[in-house]
Amino acid sequence: MNTSPKVFTDVFSPARLGPVTLRNRIIKAATFEASTPDALVTDDLITYHRLPAAGGVGMTTVAYCAVAPGGRTDGWQIWMRPEAVPGLRRLTDAIHAEGAAISAQIGHAGPVANARTNKAPALAPVRFFNPLSMRFARKATREDIAEVTRAHATAARLAIDAGFDAVEVHLGHNYLASSFLSPLLNRRRDEYGGSLENRAKVARGVVRAVRDAVDGYGAGRIAVTAKLNMTDGVRAGIPLEESLQTAKWLEEDGGLDAIELTAGSSLVNPLYLFHGDAPVKEFAGAFAPPLSWGIRMTGTKFLREYPYREAFLLDKARQFRAELSMPLILLGGITNRETMDLAMAEGFDFVAMGRALLAEPDLINRIQADGDARSVRSACTHCNKCMATIYSHTHCVVTGSPG
C-alpha cells in the first residue's frame with residue numbers, strides 16, 4: 001500500500017522512468033496512426049510522432065507494434081520483425097532530435113485482431129466471433145500462448161535495436177492478455193481459466209518475458225511499462241477489484257517500471273475509454289455494406305455514449321494509487337494545466353494524453369509557456385470523430401492535425 005505523503009510535483013519537471021529520464025511527466029498515449037500501409041515505418045508516421053515531440057511531450061508512444069502478424073488489429077499495422085528495424089530507427093532518431101523519448105506499444109490483439117486483413121488466424125481464450133472482421137478467432141492452445149510470450153520478448157529486443165526508450169506491454173482493451181483476464185471472454189477450464197490467478201497467467205507471463213529479454217539484452221537501456229484495464233465497463237467483464245489484484249501481482253513480480261491505467265473494451269465498449277460524443281454515422285462510414293448498415297442500426301449499443309469530463313478515469317485510478325507503490329500513469333480527460341496539476345497532487349507520476357495532442361500537437365509547449373496564467377484550453381471538442389479516421393489516416397476532424 002502507498003503510504004508516502006503527498007508532495008506537489010511540477011508536471012514539467014524531469015522524471016525517471018526506469019533507466020530513462022524524461023524531460024517532463026507528459027506522455028503522448030498510444031493512438032493508432034493509420035500511417036503504415038505496408039506494415040513498415042513511413043515519413044507520415046515519423047511526422048505524426050515528431051509533431052508532438054517538437055510540441056513538448058516528454059515521450060510519445062507508437063501504436064501499435066504487434067508482436068506477430070496475426071496479432072495486428074489490421075493488416076497494415078507494423079509488426080516487430082528485423083525488416084521493420086531500419087525504419088523504426090529513423091523514427092526514434094527523429095523523435096530524439098526533438099528532445100523527447102519514444103516508446104513502442106507491443107502486444108497481441110487476440111480476439112480484436114482482424115483475421116481477414118491480417119491473412120492469419122486470430123487468437124482468443126475460447127473460439128470467438130469478431131463482427132468487425134466477420135471471422136472467428138480460434139481458441140489459443142498452450143503452444144500458441146508460449147509462442148506469443150516468446151514473441152513479446154523478441155519484440156522487446158527489436159525495440160532496443162531500433163533505439164526505443166521504452167516498451168509498453170498492451171494488457172488492456174480485451175486484446176489477448178486482457179481477454180484472458182476477462183471472466184466474460186475467458187471460459188476456459190484449464191490452467192489459464194477459472195480463478196483470477198489462472199486468468200492472469202498470460203499477462204504476468206508476457207511481462208516477465210519482456211523484462212527478462214530487456215535485462216538480458218539491453219539492461220539499463222530501456223524502460224518497461226504496461227497498459228492495464230481497470231475495468232472493461234461491461235457486465236461480467238473485468239471488475240476493478242480483480243484488476244487491482246492483477247496490478248498488485250505485477251508490482252510484486254517486479255517486471256514493470258510503471259503502469260498506465262486504462263479502461264474499456266475494443267470489442268464491446270470502446271467509448272468507455274474515450275468519453276464524449278458517439279460518432280455512429282462516421283464510424284459506419286468507415287466500413288462497407290453490410291457492416292456499415294449494421295453499425296448505423298445498432299451502433300448506439302456498441303458505441304455507448306459517456307458524458308465527457310476532465311480526468312474521467314481519476315476516481316477509479318485513485319484506488320490503484322492508494323494500494324500500489326510503483327509509478328502510475330493517469331490517462332483519460334487530461335487537456336489542461338489544472339488537470340495535470342490535479343494528477344500530480346493525487347500522487348500520479350505521469351499523465352498520458354491522446355485526443356488533445358491529436359488536435360494540437362504543440363499544446364504542451366503552449367501550456368508551459370502560459371505559466372501560471374492557466375489560460376490555455378484544448379481545441380478538442382470530444383466529438384470522437386477521430387475514432388473513425390483510424391481506418392484511413394488518423395487525424396483530428398476539427399483542426400485537421402496532424403495532416
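**A buried threonine and its helix**

The side chain of Thr 92 lies 3.1 Å from the backbone oxygen of Arg 89, a polar contact (a pair of N or O atoms within 3.5 Å; within protein, one must be able to donate a hydrogen and the other to accept it, and residues adjacent in sequence count only if both atoms are side-chain atoms). The model is predicted: local features need pLDDT of at least 70 and side-chain atom pairs count only at pLDDT 80 or more, while totals for chains, interfaces and linings use all residues. Residues are numbered from 1 along each chain as its sequence is written, and side-chain values use heavy atoms, with hydrogens and water left out.

Thr 92 belongs to helix 2, residues 85-97; helices (H or I, at least four residues) and strands (E, at least two) are DSSP runs, numbered from the N terminus. Thr 92 counts as buried because its relative accessibility is 0%, buried meaning under 20% relative accessible area, exposed over 50% and partly exposed in between (1.4 Å probe, protein chains only). Beyond its neighbours within four places in sequence, Thr 92 is in contact (heavy atoms within 4.5 Å) with Ile 102, Ala 162, Gly 163 and Phe 164.

Other buried residues of helix 2 include Val 85, Leu 88, Leu 91 and Ile 95. Among the elements that cover the buried residues of helix 2 are helix 1 (43-54), strand 4 (59-66), strand 5 (101-107) and helix 4. Just after helix 2, Gly 99 adopts a positive phi of about 90°.

Within helix 4 (residues 142-161) lies Ala 151, which is buried because its relative accessible area is 15%.
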